[in-house]
Amino acid sequence: MRIHSKKVAGLAAVTLAFALAATGCGKGSGDSGGTGASSSKKVSITFIPKNLGNPYFDISDAAGKKVVESLGGTYSQVGPQEASPDAQAQYIDTEAQKHTSAIVISSNDPEALGDSLTKARDAGTKVVTFDSDTNPKYRDLFINQADAAGIGKVEVDMVADQIGDAGEVAILSASANATNQNAWIEIMKKELAASHPNIKLVETAYGDDDPQKSADKTAALLQKHPNLKGIISPTTVGIAAAAKYLSTSDKKGKVALTGLGDPNELRAYVKDGTVTEFALWNPGDLGALAAYAATALVKGDIKGDEGDTFKAGKLGQFTVGKDGVVLLGDPFKFNKANIDQFKF
Ligand code: RAM
């Protein structure tokens with residue numbers, strides 16, 4: 001995989017050039033940046049993360065708040081303690097009753113929130129998914145952090161590099177119905193089967209984006225699979241809990257741990273040798289982009305149709321792609337050499 005440099009948010013960042021990153025729908029082509037229909041309507045935007053207390057959403061939603069308020073809107077954040085769809089539905093219903101202008105949500109299930117989201121849209125609330133999508137028929141836009149094929153492939157590439165392309169691996173995921181993790185896991189399975197015949201996926205476990213449950217699942221994986229060579233955790237909560245557990249276990253340095261992590265949370269484990277390399281995008285940029293997109297929808301600058309363009313401050317101009325998807329860009333890879341440069 002080719003790696004190239006790029007300036008992101010003031011940092012000289014190493015980014016991944018994915019073979020599959022056909023990101024034609026990323027930054028816009030430099031045209032007007034909207035339909036010009038901008039209204040002076042008071043904009044209220046509520047962010048609904050998968051769960052509260054998840055550091056990833058603390059970063060994304062704080063950046064979203066900054067953008068909403070800088071554009072003159074009102075921001076709030078509500079959400080469940082547990083990453084479950086049932087718990088999210090009641091928050092959507094309340095926002096619909098309050099006629100909130102837009103909901104920005106990371107969905108815990110592709111289908112289960114359909115009724116609530118449809119009711120909200122019928123009541124005039126715009127629905128933007130970010131991070132984890134629903135079925136596209138339930139929302140206006142999906143703000144996608146990075147191309148799913150690229151995210152799946154980079155995780156497999158990293159584990160293969162770290163275990164000499166052979167041996168048993170397991171996946172420690174978030175919740176069992178999470179749209180984003182499930183899409184990435186599907187791709188990982190295909191990628192393993194197609195390009196890594198000597199790596200065997202022995203189990204996929206679910207820690208529900210709960211630190212304690214994720215640590216318990218890590219312990220169980222290590223115990224059940226004594227020959228395990230690597231764990232891929234495509235969730236910031238899972239990988240942080242697994243790193244914490246591994247760092248004091250006799251498997252430290254023997255079982256590779258990679259996946260998607262927040263550099264702030266993993267810095268110490270990279271330095272102490274528990275983790276070699278992992279990846280992520282900037283959650284703050286994702287939240288900010290979602291806030292710009294939601295505001296543009298509410299103001300009527302865009303409708304959410306393919307080809308619509310809007311401006312997202314310092315992130316630049318974006319174009320809505322097929323199925324109402326807006327793509328942020330490529331993720332970064334973090335390791336000992338660059339981790340000190342990143343603080344999302
Ligand atoms: C967790 C959540 C989120 C995911 C990141 C990588 O914080 O599951 O949805 O995008 O990890």
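**Strand pairing**

I looked up the bridge partner of Thr-46 in S4 and found Ser-76. I note that the model is a predicted one.

I then turned to the strands themselves. Strand S3, residues 44–48, pairs with S4 in the parallel sense, over four bridges.

I recorded an open sheet of six strands with parallel pairing, in the order S4-S3-S5-S6-S7-S15. Strand S4 (74–77) and strand S15 (325–327) stand at its edges; each has a single partner strand, so one side of each is left without a neighbour in the sheet. On average, neighbouring strands of this sheet are turned by 20 degrees against each other, direction ignored.

**Surroundings of the ligand**

I next asked where the ligand sits, and found it in the largest cavity. Two elements give two or more residues to the shell around the ligand: helix H1 (55–70) and helix H5 (179–195). H5 gives the most, with three residues.

Which of the 16 residues around the ligand come nearest? I listed Lys-50, Asp-131, Gln-181, Asp-209 and Thr-236.

An N or O atom in the side chain of Asp-131 is 2.5 Å from an oxygen atom of the ligand. For Asn-54, the distance from a side-chain N or O atom to a ligand oxygen atom is 3.3 Å. A polar side-chain atom of Tyr-56 lies 3.5 Å from an oxygen atom of the ligand.

Last, I checked the cover: on its own the ligand has 290 Å² of accessible area, and the protein covers 100% of it.

How values were computed
Residues are numbered from 1 along each chain as its sequence is written. This is a predicted model: local features need pLDDT of at least 70, side-chain atom pairs count only at pLDDT 80 or more; totals for chains, interfaces and linings use all residues. Side-chain values use heavy atoms; hydrogens and water are left out. Two strands pair if DSSP finds at least two bridges between them. Axes are lines fitted to C-alpha atoms, for helices over the stretch in contact, and angles run from 0 to 180 degrees between N-to-C directions. A residue is near a molecule or strand if one of its heavy atoms lies within 4 Å of it. A polar contact is a pair of N or O atoms within 3.5 Å; within protein, one must be able to donate a hydrogen and the other to accept it, and residues adjacent in sequence count only if both atoms are side-chain atoms. Accessible areas come from the Shrake-Rupley method with a 1.4 Å probe; for residues, only the protein chains shown count as cover. On a 1 Å grid over the protein atoms alone, a cavity is a set of points where a 1.4 Å probe fits but cannot get out, and a pocket is an open set with protein on both sides within 12 Å along at least five of seven lines; lining residues have an atom within 4 Å of a point. A molecule sits in a cavity or pocket if more than half of its atoms lie within 2 Å of its grid points.
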